[in-house]
Amino acid sequence: MKTRREVLLSLAAAPAAAMLAPALRAGGTGDGLIESPEQALDVFDFERLARAKLPPAHYGYLATGVDGDATLAANEAGFRRWSLRVRRLAGVAKPDTSVKLFDRAWPSPIVINPLGSQRAFHPDGELATARAAATRDVLQVLSTVSSTGVEDVSAARGEPVWYQLYPTDQWAVTEALVRRAEAAGCPALALTVDLAGGSNRVTMVRWQRRDDRDCGSCHSSIRTQVSGFIAGKPMFKGLDLSAVGGLSPADMDWAFFDRLRGLWKRKLFIKGIVTREDAELAVAHGVDGLFVSNHGGRGEDSGRASIESLPEVAAGVRGRVPVILDGGIRRGSDVFKALALGANAVGIGRPYAWGLASFGQAGVERVIDLLRAELAVNMRQAGTASIADIDASYLADSRAG
């Protein structure tokens with residue numbers, strides 16, 4: 001039994017420990033802001049600069065979770081549960097970081113995840129991101145609420161991008177969006193299913209209240225909240241939005257997915273699956289792949305990290321379709337851990353947005369380069385010559401024992 005002194009000392013140390021772990025993960029507080037992409041030592045150098053450069057409302061949109069941001073915090077903290085079991089004398093000088101998704105090989109497992117309204121972060125928006133994806137040969141998935149239409153983004157990328165779908169609650173709009181993605185040559189569609197219940201983004205609203213700019217030219221007060229947000233988005237141009245009440249039907253179910261499956265004949269993913277049961281159902285309904293995702297902590301107040309959901313989703317899939325993990329990826333070691341727990345690839349969101357806000361295309365490229373280099377270092381340390389060599393035997397669970 002602990003003495004009173006031991007209890008008091010442990011309580012006094014707890015706040016310091018709680019503050020130390022995020023600081024270590026973020027590379028410390030930093031004494032200054034970088035002045036070029038090459039100066040960045042990790043992705044958090046871009047986060048600090050983005051926060052300094054962006055208007056409060058725009059930074060808040062990027063930084064927010066839901067409610068008390070518990071799920072957002074859990075996404076990053078979840079990776080600390082796992083430590084790497086590195087090996088010695090493995091002789092891996094040049095690890096092969098390439099992966100294959102369907103019939104296409106990619107030089108790394110890093111995917112540019114969908115993130116809307118990118119012109120809020122840089123004037124070139126999604127076009128800068130697409131050019132970076134082209135120079136680094138990275139798979140890019142475009143958001144329905146992008147600042148630039150899918151045709152122009154694909155042109156900047158040099159090939160059709162994948163398309164993430166917010167179907168709205170009006171099937172006519174859903175069909176129009178799908179037909180446009182089809183006409184643009186998008187090889188895959190990712191239906192987002194984690195916003196059907198809505199999301200209470202408290203942090204975003206608090207940052208908006210700190211912004212004293214006149215934003216009327218971008219956000220008309222005469223529109224409803226939903227239609228006001230999407231009416232100016234290029235993918236909705238020319239569509240009747242008068243009846244739209246949400247980005248996703250509140251009653252979305254597997255019958256909705258089946259209807260979409262009948263409409264879209266190319267690769268169809270579901271983005272937002274976090275349980276074994278739903279993974280099994282998705283495969284049974286003919287899905288081609290899954291994103292294990294809680295919308296970067298912006299979807300639900302579950303407080304559960306996406307990396308915690310990954311093992312059970314992978315168990316439900318049993319290798320039958322590819323699995324992409326997103327949420328909390330900040331370092332190459334995070335990429336390694338996700339691959340070890342069953343992911344075929346990983347999606348990044350905020351890190352490349354920080355790079356975009358900081359330096360446009362060059363910032364996005366540097367973020368990709370940093371994560372790739374960190375992954376290669378971890379693979380050499382672990383003794384894994386290829387992505388296929390990475391499995392759960394290279395991880396230790398801090399909760400075990």
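Biologist: What makes the charged end of Arg-298 count as sitting over the ring of Tyr-61?

Modeller: In this predicted model, the charged end of Arg-298 is 5.0 Å from the centre of the Tyr-61 ring. The distance cut-off for such a placement is 6 Å, and the charge must also be within 35 degrees of the ring normal. Arg-298 is therefore listed as sitting over Tyr-61. A second case is Arg-210, whose charged end sits over the ring of Trp-207, 4.1 Å from its centre.

Biologist: Tyr-61 belongs to helix H3. Why is H3 called mostly covered?

Modeller: Six of the eight residues of H3 are buried, and a residue is buried when its relative accessible area is under 20%. The buried residues are Ala-57, Tyr-59, Gly-60, Tyr-61, Leu-62 and Ala-63. For the chain of 401 residues, 53% count as buried.

Biologist: Why is the pair of Phe-46 and Phe-359 called edge-to-face?

Modeller: The centres of the two rings are 6.2 Å apart, and rings pair if their centres lie within 6.5 Å. The planes of Phe-46 and Phe-359 stand at 85°, and an angle over 60 degrees counts as edge-to-face. The pair is therefore edge-to-face. By this rule there are ten aromatic pairs.

Biologist: Which parts does the pair of Phe-46 and Phe-359 tie together?

Modeller: Phe-46 lies in helix H2 and Phe-359 in helix H14, so the pair ties together parts that are 313 residues apart in sequence. Phe-46 is buried, at 0% relative accessibility. Phe-359, with 23%, is partly exposed, because its value falls between the limits of 20% and 50%.

Biologist: How do you know that Phe-102 and Phe-269 form an edge-to-face pair?

Modeller: Their ring centres are 5.9 Å apart and their planes are at 85°, so this pair is edge-to-face. Phe-102 lies in the loop between strands S2 and S3, and Phe-269 lies in strand S8, so the pair ties together parts 167 residues apart in sequence. Phe-102 is partly exposed at 29%, whereas Phe-269 is buried at 0%. Ring pairs also link Phe-102, Trp-162, Phe-269 and Phe-291 into a cluster.

Biologist: How is the packing of helices H5 and H6 described?

Modeller: Two packed helices are described by the angle between their axes and the distance between the axes. For H5 and H6, the angle is about 35° and the axes are 7 Å apart. Their crossing is right-handed.

Biologist: Which residues of H5 and H6 meet, and how do they divide by type?

Modeller: From H5, the residues are Glu-126, Leu-127, Ala-130, Arg-131, Ala-133 and Ala-134, and they meet Asp-152, Val-153, Ala-156 and Arg-157 in H6. The residues of this contact divide into six nonpolar, no polar and four charged.

Biologist: Why is the phi of Asp-67 worth noting?

Modeller: Most residues other than glycine have a negative phi. Asp-67 is not a glycine, yet its phi is positive, at about 50°. Asp-67 is found in the loop between helix H3 and helix H4, and a relative accessible area of 31% makes it partly exposed.

Biologist: What is the phi of His-295, and is this residue buried or exposed?

Modeller: The phi of His-295 is near 65°, a positive value in a residue other than glycine. His-295 is in the loop between strand S9 and helix H12. The relative accessible area of His-295 is 13%, and the limit for buried is under 20%, so His-295 is buried.

Biologist: Why is Thr-203 counted as buried?

Modeller: Thr-203 has 17% relative accessibility, and buried means under 20%, so Thr-203 counts as buried. Thr-203 lies in helix H8. Not counting residues up to four places away in sequence, Thr-203 touches Thr-64 and Asp-69.

Biologist: What makes Gly-342 partly exposed, and which residues does Gly-342 contact?

Modeller: Gly-342 has a relative accessible area of 31%. That value lies between 20% and 50%, so Gly-342 is partly exposed. Gly-342 lies in the loop between helix H13 and strand S11. Leaving aside neighbours within four places in sequence, Gly-342 is in contact with Leu-310, Ala-314 and Val-323. Gly-342 and Gly-319 are 23 residues apart in sequence and 8.7 Å apart in space, C-alpha to C-alpha.

Methods:
Residues numbered from 1 in each chain as written. Predicted model: local features only at pLDDT ≥ 70, side-chain atom pairs only at ≥ 80, totals over all residues. Heavy atoms only, no water. Phe/Tyr/Trp six-rings, centres within 6.5 Å; stacked < 30°, edge-to-face > 60°. Helix = DSSP H or I, 4+ residues; strand = E, 2+ residues; numbered from the N terminus. Buried < 20%, exposed > 50% of the residue type's maximum accessible area, 1.4 Å probe, protein only. Axes fitted to C-alpha atoms, helices over the stretch in contact; angles between N-to-C directions. Left-handed = near helix turned anticlockwise from the far one by under 90°. Contact = heavy atoms within 4.5 Å. Nonpolar A, V, L, I, M, F, W, Y, C, P; charged D, E, K, R; others polar.
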